[in-house]
Structure formats: C-alpha cells, structure tokens
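Open the model in your viewer and keep the selection tool at hand. We will go from whole chains to single residues, one stop at a time.

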Amino acid sequence: MALHFELVTPAKLVRSEDVHMVVVPGTEGEFGVLEGHAPFMSTIRDGAVQVYATANSAPEVIEVRGGFAEVNEKGLTVLAEHVEG
Amino acid sequence: MASLKELKGRINSVKSTQKITKAKQMVAAAKLRRAQSAAEAARPYATRLAAVMASLASKVAGDNAPKLLAGTGSDQRHLLVVVNTDKGLCGGLNANLVKAAKAKAHALLAQGKAVEFYLVGKKGRAPLRREFPKLIGAGFDTSTVKAPGFAEAEAMADELIALFDAGKFDVAHLIFPTFKTALAQEPTITQLIPVPSPADAAASEALVEYEPGEEEILQELLPRYVRTQLFGALLEREASEQGASMTAMDNATRNAGELIQKLTIQYNRSRQAAITTELIEIIAGAEAL
C-alpha cells in the first residue's frame with residue numbers, strides 16, 4: 001500500500017516516489033491523501049506539504065507556494081510554482 | 001601585392017579571431033547541454049498542467065468561462081509577443097524570428113486588424129522598429145539576469161495579463177524559436193491569450209471533486225498556464241540561441257582556418273619570390289665582375 005506522490009515545479013520534477021501519506025494545504029483546509037483516494041482537485045495555499053514516508057515516520061516538510069493538487073487513480077500530483085527546501 | 005609584414009599581420013589577426021570563435025563555440029556547446037536539460041526538466045509541469053487544463057476547460061465552457069479563456073469577444077487588436085535573444089553571434093536565429101513576426105504582422109494588417117508588438121530580448125528590436133515605427137509597444141528586458149528563469153516568465157505574464165485586463169488588446173500571439181536540433185531552430189507562432197481551448201476533452205469521464213469549484217480553479221489555472229507558456233518560450237529561446245551560436249561559430253572557425261591557409265600560402269610564395277629575386281641579383285652582380 002503506497003501512494004504515488006509527485007511534486008512538480010516549472011523548473012523540475014522535485015519528487016516522484018511512493019509514500020504512505022501526504023498532507024496538502026488546500027485553500028479550504030488541509031487534507032491528507034492516502035492510497036486509493038477518490039479523484040479530487042484543489043488549489044493550494046502557500047504552506048507546507050507534509051510527506052509521510054511510512055505510517056509511523058516523522059513527516060518530511062516541503063514549503064510550497066502557488067499551485068494546485070490533483071488526485072487521480074495514478075496518485076497525487078502537486079504542481080507548485082515555487083518550492084523551498 | 002601585400003608586403004610580407006602586412007601578410008604576417010593579417011594571418012595573426014585571423015588567428016586571434018579564430019581563437020575567439022572557437023572559444024565561443026565551446027562555451028555554446030557547454031551551455032546548450034544545460035539549456036536542453038532545463039527545457040527537458042520543465043516538460044513534466046507543462047504536460048501535467050495542460051492535461052488538467054484540458055479536463056477543466058471542457059467542463060467550464062459557455063458563458064461563465066473566464067475572460068482569459070473566452071476572450072474579449074472581438075479579435076480586432078492583436079499583440080505580438082516576440083521572444084528574441086539578448087546576444088548576437090547566433091547566426092540567422094533572430095533574423096528568422098523577425099521575418100516570421102513581420103510576416104504575421106503584415107498578414108494581420110492586411111486583414112484590417114490593429115497590431116502591436118511586445119518585444120522580449122534585445123535583438124530584433126531595431127529591425128522591427130524600422131519596419132513598424134508606430135507599432136512598438138512595451139517590452140521586457142531579460143538581459144539583466146544571467147539565465148532567465150520562472151521569475152522572469154512570471155513578471156512577463158503578469159504584465160501581459162494586466163494589459164489584457166485593461167483592455168489593451170484582444171488576442172496575443174507568442175512568437176519564439178523552437179529548438180529542433182543544433183542546426184535547426186524554427187520560429188513558432190502560438191496563440192497565448194485567450195488561452196486556446198484544448199481539443200481533446202475525452203479524459204473527463206472520471207468523477208472528480210473540485211475544491212473550491214471548477215471555475216475558481218480554472219480562474220487560478222489560466223494565468224499559471226500563460227506563465228508556463230512564456231517560461232517554455234524562454235527555455236526554448238535559450239536552447240535555440242546556444243544551438244545556433246554553436247553552429248555559427250563552428251562555421252566561423254572553419255572559415256578562419258581556410259583563410260589562414262590561403263594567407264599562409266600567399267605569404268610563403270611572396271617570401272620565396274623575394275629570396276629568388278635576391279639570389280638573381282647576387283648572381284647577376286657576381287657575373288658582372
């Protein structure tokens with residue numbers, strides 16, 4: 001059980017890996033995405049994307065600015081204009 | 001015929017020119033690799049964004065579509081965004097771009113439309129200004145930064161969208177070089193604003209939930225799409241410039257080599273001629289005794 005997570009900026013493909021869960025700062029509130037999430041699309045506000053590699057591990061925090069998230073059957077794709085860290 | 005000293009001077013000057021063109025060629029080759037990988041790295045974002053745009057645009061069609069997608073309703077005033085390079089020494093790249101821009105402008109003018117230019121990059125300003133002195137509008141200077149990146153594309157897109165919102169133009173076309181190979185770069189013209197509706201709307205079968213709403217997302221997506229489009233153009237320009245520069249400098253180096261060879265032969269001949277004359281003079285002098 002793994003969620004395919006991709007973080008893409010205009011400059012490069014920052015992440016493309018299988019993780020347990022990702023918490024995304026949506027415009028209308030944070031949401032966590034696990035494997036098998038229903039198709040979903042949201043704009044995101046500036047904030048931290050938290051990547052949980054496994055169920056118990058500490059989250060890896062990636063600051064993003066400007067973008068949106070898309071969940072489809074292939075996994076989660078976050079398109080961000082700027083990424084820090 | 002030129003004297004020996006003159007010939008020697010010319011050979012030396014051509015040699016130093018050759019050194020410069022050779023250095024420029026190698027620099028361009030190294031930069032080309034970097035520019036190409038940058039262009040490649042930008043592709044995933046562009047393709048994903050285009051895919052999302054396609055699925056959204058097909059849903060939010062009709063009257064409530066944002067202005068950036070639907071347009072102003074008229075197509076009278078056109079803005080040509082011409083992306084030229086900042087530096088020369090890249091063969092006919094800028095000349096070809098200017099030619100394409102001129103052709104497009106003349107075609108639009110012939111249809112009775114109003115045309116204005118928005119020039120990016122330093123080159124190509126002068127020839128376009130000569131041809132259309134009254135049509136040159138604002139421009140964007142990319143020469144202040146070493147490698148134009150997303151920040152520049154963002155600033156440019158914001159400026160263009162502001163102009164569009166202010167009702168300064170109805171349709172914007174983007175003219176930029178596409179990098180094919182180091183030998184071939186083609187001027188390409190695409191419509192930038194209003195954002196052309198994607199043709200394939202097949203992939204929108206899945207039930208997707210939108211947050212906040214489809215229109216709001218699209219509203220936010222469209223400027224982003226324009227930015228990505230401009231960013232792509234800047235990257236293509238970078239790769240094209242280096243590719244064209246590499247080819248042009250390769251030719252220049254080869255030409256300089258040929259010239260040096262020719263001059264060296266000429267130099268050797270006149271040196272030999274001078275020696276022969278001297279010998280004849282000595283022999284003639286000795287015989288006279």
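**Before you start**

This is a predicted model, in which local features need pLDDT of at least 70, side-chain atom pairs count only at pLDDT 80 or more, and totals for chains, interfaces and linings use all residues. Residues are numbered from 1 along each chain as its sequence is written, while chains are lettered from A and ligands numbered from 1 in the order in which they are written.

**Stop 1: chain A**

Select chain A and switch to a cartoon view. You will find zero helices and eight strands, where helices (H or I, at least four residues) and strands (E, at least two) are DSSP runs numbered from the N terminus. Along the sequence the pattern reads β-β-β-β-β-β-β-β. The radius of gyration of chain A is 11 Å, close to the 12 Å from the globule rule for 85 residues, so chain A is as compact as a globular protein of that length. Here the radius is taken over C-alpha atoms, and the globule rule is 2.2 Å times the number of residues to the power 0.38.

Along the principal axes, the C-alpha trace of chain A spans about 30 × 25 × 25 Å. Buried residues account for 35% of its 85 residues; a residue is buried if 20 or more other C-beta atoms lie within 10 Å of its own, exposed if 12 or fewer, and partly exposed in between, with C-beta atoms placed from the backbone. Of the contacts in chain A with a separation of 6 or more, 43% are between residues 24 or more positions apart. Two residues are in contact if their C-beta atoms, placed from the backbone, lie within 7 Å.

**Stop 2: chain B**

Now select chain B, which has seven helices and six strands. From the N terminus, its elements run α-α-α-β-α-β-α-β-α-β-β-β-α. Its radius of gyration is 28 Å, well over the 19 Å that the globule rule gives for 289 residues, so chain B is more spread out than a compact globule. The C-alpha atoms fill a box of roughly 115 × 40 × 30 Å along the principal axes.

Colour chain B by domain next: domain 1 is 4-22 + 249-288, and domain 2 is 35-245, with bounds that come from an automatic or database domain assignment. The C-alpha centres of domain 1 and domain 2 of chain B lie 53 Å apart. In chain B, 32% of the 289 residues count as buried. Among its contacts between residues at least 6 apart in sequence, 80% join residues at least 24 apart.

**Stop 3: where the chains touch**

Show both chains and select the contact, to which chain A gives 21 residues and chain B gives 19 residues. On the chain A side, the elements with two or more residues are β5 (40-44), β7 (60-72) and β8 (75-84). Which of the elements gives the most to this side? That is β5(A), with four residues.

Zoom in on β5(A), which pairs in the parallel sense with strand β6 (residues 209-211) of chain B over three bridges; strands pair if DSSP finds at least two bridges between them. Met41(A) has Tyr210(B) as its bridge partner in β6(B).

**Stop 4**

Select residues 114-120 and 136-140 of chain B, which are strands β2 and β3, paired in the parallel sense over three bridges. Val120(B) stands opposite Phe140(B) of β3(B).

**Stop 5: backbone details**

Find Pro194(B) in the loop between β5 (185-193) and β6 of chain B. The peptide bond from Ile193(B) to Pro194(B) is cis, with omega near -5°.

Then go to Leu89(B), in the loop between β1 (77-83) and α4 (93-110) of chain B. Its phi is near 55°, a positive value in a residue other than glycine.

**Stop 6: Thr178(B)**

Finish at Thr178(B) in strand β4 (residues 171-179) of chain B. Is Thr178(B) buried or partly exposed? Thr178(B) is partly exposed, with 16 other C-beta atoms within 10 Å. Leaving aside neighbours within four places in sequence, Thr178(B) is in contact with Gln185(B), Glu186(B), Thr188(B) and Glu236(B). Draw a distance to Arg237(B): 59 residues separate it from Thr178(B) in sequence, and 7.0 Å in space, C-alpha to C-alpha.
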